[in-house]
Amino acid sequence: MAVSLKVNGATRSVNAEPDTPLLYALRNDLELNAAKFGCGLSQCGACTVLVDGVPTRSCATPLSRVGQSEVITLEGLGTTAKLHPLQQAFIDEQAGQCGYCLNGMIMAAKALLDKNPRPTEAQVRDGLAGNLCRCGSHNRIVRAVLRAAQTNGRI
Amino acid sequence: MNASHLTRRDFTAGIGGIVLAFSLTPAALTQQAPRLPGSLQTNRMLSAWLAINADGTATVFTGKVELGQGILTALAQIAAEELDLPLSRVRIISGDTGRTPNEGQTAGSQSVENSGTALRLAGAEVRAILLDLAAKKFGVGADTLKVADGVITAADGRKVGYGDLAKEADLKREATGKVAPKPTAQHRIVGQSIPRVDLAAKVTGGAAFVQDLRLPGMVHGRVARPPQYGAQLESFDEAKVRAMPGVVALVRDGSFLAVAAEREEQAIKAVEALSASAKWKAGPALPDPARLYEQLKALPTQDTTISNKEAPLLASGAKVVEATYHRPYQAHAALGPSCAVAQLRDGQLTVWSHTQGVFPLRATMARALGMKPPSIRCIHMEGAGCYGHNGADDVALDAALIARATNGRPVRVQWMRAEEFMWEPYGPAMTMQAKGAVADGRIVDWNYDVWSQSHNMRPGDPDGINLLSSWYLADAKTPGPARQAGPPNYAGDRNAIPTYDLPRQRITHHLIKDNPLRTSALRTLGGYANVFAVESFMDELAAAAGVDPVAFRLAHVKDPREKAVIEAVAKAANWKPGEKGDGVRGRGIGYSRYKTVAAYNAVIVEVEVDRTSGRIKIPRAWTSVDAGLIISPDGLINQIEGGLIQSASWTLHEAVRFDRSGITSRDWASYPIMTMPDVPKVETVLLNRPNDRPLGAGEASQGPTVAAIANAFAAATGRRLRELPFDPARVKAALA
């Protein structure tokens, strides 16, 4: 059945059952690559998107629960031509190895900075505690978020 | 810039089984051809490595693949440097059986050493060929020409670009390996921290991974795995699943059971229904986890004494120390479960995979599927970091098996989280037993035995088929035998021979021939466990000798580069000779030269032990590394620091859980890893050796880190942990 979604500012329609996890609608119907399947259990954070500004595990969020809420994905933050300060900061800090966790890291960081524009390092670490990284890029990721927080103030 | 950044048009162009013919192994190989450096030895044609294009760009072909370690950036730097081209005009094609050299697996910190060396020499030779062509054109000597950014300029100002010479440049010739690469003093690109070529796509949602590949008409496949190793399928409800929404194919071949559906969530529901209805005959029981190490030691072994140095043993006055260490099964635990896309059309199979080796995968898939290798093309695309042989190759076979039933439609399979944890090959459980003696501050005797299952159960084995689902087919295949590796890389015995100057040593590797739990290559193979044991034991001997651990190591090194690395980390950490812990806090050191032939790395960590909860925290770590000539300083720091943090996670948290009836680690709650608040701050010191060849460094810090943590805990508490992981239960038991 047709389900209507608000994603990155546009209204989109997908043909899927209401119990379909948002993740698959984003990836397979709307061809948005950023949110990743990591566990399907809300444990790793790789699938994180913002739903009405709240960081949400799209792997375990059925379309029926999204309704007409505003969904923002990593693609909605910026593009390679016009990067969001967080995306720019992750590149500046070369914050990643394989990069599979980065969608979740950036989206969780976005939610954190929206609430707390000048977090301390400890607050960044706590804010990203639910997002797993397997390559050991954690310290670079923390530096990138702190860098973005500084940049934010100047934009 | 690499295969994973192709457009959809490029992807589909590869589908109709277009196999580009390249002459990669000329007849000269079978003659008495001169030995060529790096991977030039096995892929001898210049055209196998480099193409100069009419638009003035160069295309680099490498058999090594991006695993998140930044290797394609480093290899592009090397090629651009030797060709005198800006990095932006170098394009990399990696890991494609239709297009690139066969460099086996991307493993063992060997890519810069092997592929990098080949590209360095091939690049220098191609540049010389282009210069010769320009010299002929201008009627001047080649030594009077200058090159900058792919433009050759004569003394009189005439210019010609590489692109203009592309047609005439004959690269279909064997490399001589005789054109000297640039002296390091002239390097402009090598030695620079170049931003990773792959990162922009990864922070913006670009197509970066095989998981992101979407082909026209693609369906989604999933496999209904047995409940445990070796279980056999007796029955399942076929009619019910075939009638489920979106199901387009159901595959049953022996005990291999899988489904394909139009939509991903439909495939997942269908496979859940398959699993719920399937009846299985139980497989063999697993070892009793409570008696794991003694049971493993009792299995049949192949014993090899890999080092035996005799000297008269001191008759008296020596203090004898004995210790036994254990390392459990540990998982690669990729953040993204393994994924592949396969399409079978007109007898041609194309597989997109995050395998570490497209050629070994193709060879083994061909045998599993009863196909000829030329009918299969394997194309590498990135996956989540794998850290060794995980489910990447297995899922490629899964996709191919399902693709036989989808009438030419491409099939994407991504493993579920539990499937990844339960079925990937683990890093083996190991036991290390050491007995040594010290007298007058020096080691006078060293005996060391290591027991381990095989670390080498990858595709490419000549005697078996190391692909999971092939073992469950009606025509069941069998895995290859447990294998030794031998020098210089070794396997379970990697880094079992210490680099210290010891008068007497006997080191024996006991290769366990059975495989009660599935194992294969996990980053460092045996290096992590052996350095844990060797470097813990060094501290135990130092304590017996009453010598500071740093001073004790310095007294036993023979290579000045080892000495420099240990001194550098001690200086960075402001190590105080004889420093003591206070019951809660303490610091320790670990050192090794990876594989005894690659990068030198030393680590000091500080631990804080919560004696009530049993939790160990690592607030800070310091590390120093000598990897010879550094290609990318920031890339090297990223690898060393990442390895240190990953090792800290293995060390404090990680063990595959199981009971007699199967694997019970199935998610991140039953296989926890280190999280952001617990990650140590790391300070890395690079010792650049511009006049020495580059040394593999991607796996260098795992071993020194575990040892440093063990030694720091001992320094803090006066108690020693000899069994991994150092979780709260073991910590509390040690402090009781």
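What radius of gyration does chain B have, and what would a compact globule with 736 residues have?

1. Chain B has 27 Å, which agrees with the value near 27 Å for a compact globule of 736 residues, where the radius is taken over C-alpha atoms and the globule rule is 2.2 Å times the number of residues to the power 0.38. Along the principal axes, the C-alpha atoms of chain B fill a box of roughly 80 × 75 × 50 Å.

2. On provenance, this is a predicted model, in which local features need pLDDT of at least 70 and side-chain atom pairs count only at pLDDT 80 or more, while totals for chains, interfaces and linings use all residues. Residues are numbered from 1 along each chain as its sequence is written, chains are lettered from A and ligands numbered from 1 in the order in which they are written, and side-chain values use heavy atoms, with hydrogens and water left out.

3. Of the 736 residues in chain B, 63% are buried, meaning under 20% relative accessible area (1.4 Å probe, protein chains only). Among contacts (heavy atoms within 4.5 Å) in chain B with a separation of 6 or more, 78% join residues 24 or more positions apart.

4. Beyond its neighbours within four places in sequence, Phe90(A) is in contact with residues including Leu102(A), Ile141(A), Leu199(B) and Val203(B).

Conventions:
Buried means under 20% relative accessible area, exposed over 50%, partly exposed in between (1.4 Å probe, protein chains only).
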